[in-house]
Amino acid sequence: MASRLNNLAAFHQKLAKADRILAICGAGLSAASGLPTFRGAGGLWRNYEATDLATPEAFASDPGLVWLFYAYRRHMALQAQPNAGHHALAALAKKNPNFLCLTQNVDNLSSRAGHHQQQQQQQQLHTLHGSLFTLQCSSYPSQCTYIDQNNTLDPLCPALAPASASASINPPSNDPPKPSQSSKTIIPLLDPSTPLPPIPKSHLPHCPQCKNLLRPGVVWFGESLNPTMLAEIDAWIDQGGPIDLVLVIGTSSVVYPAAGYAEKARTKGRTSVVTVNMEVDDVEEEEGWMWGKGIRRRRSRPEEHLVFQGGAEEWLPRMLEPVIGVAKDDGTYE
């Protein structure tokens with residue numbers, strides 16, 4: 001049996017026969033753009049876990065602190081640039097109207113790469129967890145329906161200016177840090193030993209319609225995803241015929257409902273599930289399951305599954321080249 005790890009030729013054979021393709025993307029897609037994930041070892045912001053700040057309860061308790069966290073993330077996302085993985089998926093969407101991408105990322109880098117939600121009269125990108133650049137009323141939708149989309153103002157207001165004076169993006173590198181880099185001064189916002197003065201609610205962004213506080217338009221822990229969006233995704237999976245390829249990119253598929261889409265999309269004997277992730281070592285078969293580090297997925301036939309270990313920016317352009325061609329010098333395909 002041919003190896004299922006980093007087998008580009010085997011993937012190209014599957015791609016040549018594929019019509020309907022589903023991609024499920026996580027934070028690993030944007031890692032090469034230099035964005036912090038706030039997960040794993042060292043994944044803290046001022047000694048806070050992201051899960052401690054990304055809740056309605058945290059916002060109700062200290063909206064100023066939560067807004068500083070998200071203002072910092074907005075600033076970093078605006079400084080970042082889409083990487084080769086984003087551009088490859090955007091090019092695939094333009095070439096194949098039967099390609100649907102579900103992203104858990106809120107950084108808008110897919111859209112900035114030209115991967116728009118509405119293309120070729122088809123919905124081709126769903127942002128499962130919302131966007132850092134959407135503002136909505138904190139009483140939405142029960143009392144007020146105000147939403148401000150694609151708001152890239154940085155800073156949003158004077159009180160959040162410290163979040164926009166942050167360090168610049170540093171894309172991942174295998175090179176050792178230069179002395180000037182290793183001695184870089186930590187800015188006060190990111191230094192847990194530097195107290196943050198409380199921000200009065202009156203100094204934070206407010207809804208122009210009802211005067212309540214505005215909040216980031218992202219899905220917090222304990223909140224439900226947009227039901228209309230979920231219905232559209234289910235309809236695409238259920239009503240359009242068999243899905244030929246499922247690409248699981250930069251995620252271990254542990255967050256639901258995204259974790260369930262790969263399995264839901266599979267059709268026995270037809271669908272191939274292909275994983276692209278940094279952590280997929282020790283791939284092996286055991287009692288009808290495919291295992292990788294952080295990955296566990298039922299299989300119907302061993303040859304259906306391929307795994308590519310490495311960054312999406314490294315693999316996706318090579319994997320999709322037979323369909324999208326070779327990128328130009330600026331990284332785009334048009």
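Modeller: A residue is called buried under 20% relative accessible area, exposed over 50%, and partly exposed in between (1.4 Å probe, protein chains only). The model is predicted, so local features need pLDDT of at least 70 and side-chain atom pairs count only at pLDDT 80 or more, while totals for chains, interfaces and linings use all residues. Residues are numbered from 1 along each chain as its sequence is written, and side-chain values use heavy atoms, with hydrogens and water left out.

Colleague: Why does Asn 108 count as buried?

Modeller: Its relative accessibility is 17%, under the 20% limit, and therefore Asn 108 counts as buried. Asn 108 is found in the loop between β4 and α6 (109–112). Helices (H or I, at least four residues) and strands (E, at least two) are DSSP runs, numbered from the N terminus. Phi of Asn 108 is near 65°, a positive value in a residue other than glycine.

Colleague: Is Asn 150 buried or exposed, and how do you know?

Modeller: The value for Asn 150 is 60%, over the 50% limit, so Asn 150 counts as exposed. Asn 150 is located in the loop between β9 and α7. Asn 150 also has a positive phi, of about 55°, although it is not a glycine.

Colleague: What makes β4 mostly covered?

Modeller: In β4, 5 of its 5 residues are buried. Phe 99, Cys 101 and Thr 103 point one way from β4, and Leu 100 and Leu 102 point the other way. In a regular strand the side chains alternate between the two faces of the sheet.

Colleague: How do you know which strand β4 pairs with on the side of β7, and which on the side of β1?

Modeller: Two strands pair if DSSP finds at least two bridges between them. There are 5 bridges between β1 and β4 and 3 between β4 and β7, so both pairs meet the definition. Both pairings run parallel. Leu 22 stands opposite Leu 100 in β4, and Leu 102 stands opposite His 126 in β7.

Colleague: What is the order of the strands in the open sheet of 6 strands?

Modeller: The order is β7-β4-β1-β11-β12-β16, with parallel pairing. What makes β7 (125–127) and β16 (306–309) edge strands is that each pairs on one side only. The twist averages 15° from one strand to the next. Axes are lines fitted to C-alpha atoms, for helices over the stretch in contact, and angles run from 0 to 180 degrees between N-to-C directions. Within this sheet, 5 bridges join β1 (21–25) to β11 (245–249), and Ile 21 stands opposite Leu 245 in β11.

Colleague: Which helix packs on this sheet by touching β1, β4 and β7?

Modeller: Helix α8 (227–239) does, and its direction makes about 145° with that of β7. Contact means heavy atoms within 4.5 Å. Helix α1 (8–17) lies across β1, β11, β12 (272–277) and β16, running at about 130° to β16.

Colleague: Which residues of α1 are buried, and why are they said to be on the same side?

Modeller: Leu 8, Ala 10, Phe 11 and Leu 15 are buried in α1. They cover an arc of only 160° around the axis, which puts them on the same side of α1; the arc is that of the directions from the helix axis to the C-beta atoms. The buried residues of α1 pack against β1, β11, β12, β16 and α10 (312–324). On the other side of α1, Ala 9, Gln 13, Ala 16 and Lys 17 are exposed.

Colleague: What makes β9 and β10 edge strands?

Modeller: In an open sheet of 3 strands the order is β9-β8-β10, with antiparallel pairing. β9 and β10 each have a single partner strand, so one side of each is left without a neighbour in the sheet. Helix α4 (63–79) packs on this sheet, touching β8 and β10. The 2 bridges between β8 and β9 reach the required number, so these strands count as paired.
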